[in-house]
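Dear colleague,

I am handing over the structure we talked about, and below it I describe what was found. Please read the notes with the structure open beside them.

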Amino acid sequence: MSKTVAIIGAGPVGLAAAAHVMERGLNPIVLEAGVAAGHAVRQWKHVQLFSPWEYNVDRAAARLLSATGWNSPDPHVYPTGAELLEQYLDPLATRTPLADVIRTSSRVTAIGRVGFDKAKTKGRDFAPFEIRYQNGKGPEMLRADAVIDTSGTWSSPNPAGANGLPAIGEHEFAERIAYAMPDIRGVDRRRYSGRTVAVLGAGHSAIGTLTELARLRDEAPATEVVWLLRGSDPAKAFGGGANDKLAARGELGAAFAELVAAGKIRVEPGFGVTHLTTAGDRMRIGAGSSCCGRHVVVDELIVATGFRPDLRFLSELRLRLDPSIEAPVALAPLIDPNEHSCGTVRPHGARELAQDELGLYLAGMKSYGRAPTFLMITGYEQVRSIAADIAGDREAAERVELELPETGVCTRGGVEGDSTSAGCCGGPAPAGNDACCVEDVKAKEMGKTGCGCGDKA
Ligand SMILES: Cc1cc2nc3c(=O)[nH]c(=O)nc-3n(C[C@H](O)[C@H](O)[C@H](O)COP(=O)(O)OP(=O)(O)OC[C@H]3O[C@@H](n4cnc5c(N)ncnc54)[C@H](O)[C@@H]3O)c2cc1C
């Protein structure tokens, strides 16, 4: 009997995983917490992607779609999140054989191994996984031979506090705080129009949100925009510009630099948020001690400081993650923002993503842990390799079938002060990267792995 593979989350990578698993003749079952596939993407559907269609469609998924008469989108066009859903994820999840294997409104709450607690070893590898999940009817249980966790990180954003903890008062001011990328000039317009709004972060999400707020300011001049960044050099967020092969991302950084230069955005560099307090009917955001540190007074705060993986439902499984990045240990050095900020990472697969718990794999956005540089196309290669591994095709699992876009935005020596200021979701790389990118090419010519920039050999 063919193996059952439980896939947690029906985002772009979870759906691609299901397509590859199905193509291998295995039985995928996809458990999705939201009411429909692509639930996380739906929260940022107003955002334009920085990668064109050619980097957003998985090959096995495209093969399933082609059989339904699907017209593949123009590879050079940059879709919005909404278009990604309408033209790709929704048809994939509802009009292909994947429709029969996706269980929506099914939130995974815990995974264990039948008959084995975490400490028990002998025979463990042969025991099926027991996946507990919650749906509208109540608690449910599923058994599977392998588990691919593609549950993303969208639902666990980093807090505002500079030390990784929530700032003092962050919970109390929850109504004035939004995380990630609100729809500034769309559904959230009334919330921000004419208000003083601070945005914390220096990555792609922060830059995109600040750009939207500056446009809102043109339409509603009473709007004030304050940019809080932990690092000391705002120019680092302006990006690789023409060096970025993901041109939309380069252009965003350049347009943002102009808005800052025009004084449409007030910049507060070196601002590590520590506490939030009341200032009349507004909110005071403090950095440093409450007596003598700096502060700004605003109506609203948008925290765009990246995401972290939610590992709670994996706690009864044997995980081996890097202690700082919270990514699989073999992958972490390739994406560690302390070491380099390359948007491009050596393609990798089952070998790097497998866990000590045989049959368990982390993939997609979640596999990058706290690193901000994930690209969908990287995830598609991950799950191609994982499906081959589960099917026992070691040769295909080891093979690299992906050419990643060179982002041309790498730097040596890491990202100052803010791990969210590099990469794709985490945003553009520092200025002055040309020399680094030349080194990158040289490193690759010498057969070195990774982007070359972080390679100390
Ligand atoms: C604003 C934004 C813009 C981006 N733009 C780009 C881009 O242009 N190009 C690019 O390559 N990448 C981009 N990314 C990065 C990344 O490719 C996307 O986040 C992508 O959606 C990641 O896919 P995923 O399947 O790994 O995770 P997700 O899309 O986050 O999907 C995870 C799914 O798991 C579900 N889930 C979570 N917890 C559970 C649970 N316990 N049980 C069951 N289901 C669960 C969620 O509801 C969700 O549907 C962007 C990210 C963001 C946030």
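The shell around the ligand, where a residue counts if one of its heavy atoms lies within 4 Å, divides into 19 nonpolar, ten polar and two charged residues. In total 31 residues surround the ligand, and the closest are E32, F50, S51, M365 and M376.

This is a predicted model, in which local features need pLDDT of at least 70 and side-chain atom pairs count only at pLDDT 80 or more, while totals for chains, interfaces and linings use all residues. Residues are numbered from 1 along each chain as its sequence is written, and side-chain values use heavy atoms, with hydrogens and water left out.

Elsewhere, the side chains of D393 and R24 meet in a salt bridge at 3.0 Å, N to O (a side-chain nitrogen of Lys or Arg within 4 Å of a carboxyl oxygen of Asp or Glu). D393 lies in the loop between α10 and α11 and R24 in the loop between α1 and β2, so the pair ties together parts that are 369 residues apart in sequence.

Best wishes

Technical notes
Nonpolar A, V, L, I, M, F, W, Y, C, P; charged D, E, K, R; others polar. Helix = DSSP H or I, 4+ residues; strand = E, 2+ residues; numbered from the N terminus.
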